[in-house]
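Subject: Structure handover

Hello,

Here is the structure I promised to pass on to you. Please have a look at it first, and then read on for what I found.

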Amino acid sequence: MTLFKKELLENWRNKKWIWVPLVIILLSIMDPITSYYLPQIIDSVGGLPEGSTLEMPEFAPPEVIMMSLSQLSSLGVLVLVLMSMGTIAGERKSGVTELILVKPVAYRNYITAKWVSLLMLVWISLFLGLLTSWYYINLLFGDLSFVELLQITFFYGLWLTLVVSLSIFYNALIKTPGLVAFLTILTIMVMSLINQVFNHVLEWFPNNLSSYILDMLMTDQLSTDLIATACVTMILSIALVVASIYTFRVKD
Amino acid sequence: MEAFNWGLIAPILVIQGILIIVAMIDLIRTDYTNGPKWLWVLIIIFVSTLGPILYFVLGRRQR
Amino acid sequence: MAFLTVQDLTKKYKNKTAVNNVSFEFKSGQCIALIGPNGAGKTTILRTLAGLLKPTTGSIEFANEKGNSDIRKFIGYLPQYPVFHYWMTGREFLVYSGELALLPKSEAKKRAESLLEKIGISKEARDERISRYSGGMKQRLGIAQAIIHKPKLLILDEPVSSLDPIGRREVLQLMEELKQEMSILFSTHILTDADEISDELLLLRQGEIVESGSMEELRIKYQTAKIEIEFERDIEAFAKKINDLPEVTASNIERNTLHVTASDIQLARQRILEAASNENWPLTSFNINRASLEDMFMKVVKD
């Protein structure tokens, strides 16, 4: 608990509690707003060439919220990885852990305090981001129910949870923050590659969460695929944290 | 351009503004940065949105 | 009775042995200094005792403690280069350390306050970020965080070597006071520091204890006494006479002084003084010089 409170205080002092939510909000609303204004934007840069007519697609609300998610999946994930790359690795590199770990501190608590505090930051940011996106969508594109928003937040949050858990895992393994970020991103990229190649076999692979979320919005029902994938993602995250605690303990 | 509803765009600008201000305050109060402070001032102010994020991720010294 | 027993402690890294079969005992209230050149394995031993490293073989046992209880509760540790959470204030860091050491919050606050007083960090500095502290202040704060939970054993890695003379004085004084309350184990490569506050020395070379004992025991053991004699004149002639005495093993002249070493220093002294008084030698000074600890240190560590 002491360790957890310290993490919250630290993330407040280093302004993570301000900039991470703001950045996530920005990323979430960027695409909905630009697609709404796409005609005007094209106009203002000189319009379309003579004779061609622009068939403006009418975006359905689910498609727009998926735009938000795809922004978060690329830039958002990048930001989260960079933001979390030093949480343990940095402390070990600098040497503060020497003072912390000689106190009767359970390694388990040290790792989980980091994990939970990061998750709190990530989930709250995600909720705020999607909430603003939802507000714009209702204003500009049409109805998306609040329950749907909560469902999206929940299932997509699991994906980000996996990202954070991966980052924690590499943090416990390696002392160099930059390398932690690199390996986390690399792993995510390899996972999406595996997903593309073995898509037919790995139906419940975590990377499929987004597409199942879209299905859910289109069909208005929770598919077993979605729930199973969510479970797989959760189990993987927890396994990663357990593995982190273990690797952290056996050092030296 | 009358179709442009500034009320919709305003939040984006406000968020960018807050990011710049928070980054600047942090930069002024901190004792050490990676790289010269004046460079970060330029980055924060002139690189839109990305500037403050870059500062928070890379500029603050990890200790 | 020993309250800490270290038995055959060995720490191996991939290709080298940092600590080799080190055993020693710690009596309650003792202050032991680990002395040795850089790379002798001092830090490795201290870090192992503090629980930061696992020994490859060997055991560390506290009296009255069952095998698997967390010994970190009884230990305070200060690394050679302590690193803090620099975004915290000195006060915050001490309270945080106290809470990590399982003190209740109110108790941690009280201890922090009294320790800040004790280590002499000014009222204003207590609420300043640690990044603004000077080297001496950080070192003292480091000691304070190590003793916040009143450990039975305080482990300090080179506590004074990075400090200026004033800072050194302050920290040594603080250690002198702490000796009354707890056992202290510290490492140093400076003999005078060890000489000043420790009850017992462990001399380390290449991961092994090559010599140990109290300062006095070691002095006696390594005493290769020399007699230094000065003469008004004719030093060569007298040197020859002295050299002929059976007890004298060597002599040499440096400027006006004759340096004599002997197999039996008492007998040699008697013979020389007899001869001097019988033959009326023009002595100006007669001196028995005990080997300095420094010489002993070099002798043990270098050969």
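I started with a strand pair in chain C: β3 (residues 31-35) and β7 (residues 183-188) run parallel and are joined by 5 bridges. To find your place in that pair, take Ile32(C), whose bridge partner in β7(C) is Leu185(C). Please keep in mind throughout that this is a predicted model.

**The sheets of chain C**

β3(C) and β7(C) sit in an open sheet of 6 strands, in the order β5-β6-β7-β3-β8-β9, and the pairing in this sheet is mixed. At its edges stand β5(C) and β9(C) (208-213); each has a single partner strand, so one side of each has no neighbour in the sheet. Direction ignored, neighbouring strands here are turned by 15 degrees against each other on average.

A helix goes with this sheet too: α5 of chain C (residues 135-147) lies across β5(C) and β6(C) (153-157), and α5(C) runs at about 165 degrees to β5(C).

Chain C also has an open sheet of 3 strands, with the order β2-β1-β4 and antiparallel pairing. Its edge strands are β2(C) (17-27) and β4(C) (57-62), each of which pairs on one side only. From one strand to the next, the twist averages 10 degrees. Within this sheet, β1(C) (residues 2-12) and β2(C) run antiparallel and are joined by 7 bridges. A handy landmark is Leu4(C), which stands opposite Phe26(C) in β2(C).

**The domains of chain C**

Chain C is divided into domain 1, covering 2-220, and domain 2, covering 224-302. The C-alpha centres of these two domains of chain C lie 44 Å apart.

**Where chain C touches chain A**

How many residues of each chain are in contact here? On the chain C side there are 24, and they are in contact with 17 residues of chain A. β5(C) (75-78) and α2(C) (90-100) each supply at least two residues of the side of chain C that touches chain A. α2(C) gives the most to that side, with 4 residues. By type, the residues on this side of chain C divide into 15 nonpolar, 4 polar and 5 charged.

**Helix packing in chain A**

Pro62(A), Met66(A), Leu69(A) and Ser73(A) of α4(A) meet Ser210(A), Leu214(A), Leu217(A) and Met218(A) of α10(A). This contact comprises 6 nonpolar and 2 polar residues, with no charged ones.

The other helix is α8(A) (residues 146-173), which packs with α10(A) at an angle of about 165 degrees, their axes 10 Å apart. α8(A) and α10(A) are therefore roughly antiparallel to each other, and their crossing is right-handed. From α8(A) the contact residues include Phe155(A), Tyr156(A) and Trp159(A), while α10(A) brings Leu209(A), Ile213(A), Met216(A) and Leu217(A). The residues of this contact divide into 9 nonpolar, 1 polar and 1 charged.

Best wishes

Note on methods. Residues numbered from 1 in each chain as written. Chains lettered and ligands numbered in written order. Predicted model: local features only at pLDDT ≥ 70, side-chain atom pairs only at ≥ 80, totals over all residues. Contact = placed C-beta atoms within 7 Å. Nonpolar A, V, L, I, M, F, W, Y, C, P; charged D, E, K, R; others polar. Pairing = 2+ DSSP bridges. Axes fitted to C-alpha atoms, helices over the stretch in contact; angles between N-to-C directions. Domains from an automatic or database assignment. Parallel < 35°, antiparallel > 145°, perpendicular 65-115°, else oblique. Left-handed = near helix turned anticlockwise from the far one by under 90°.
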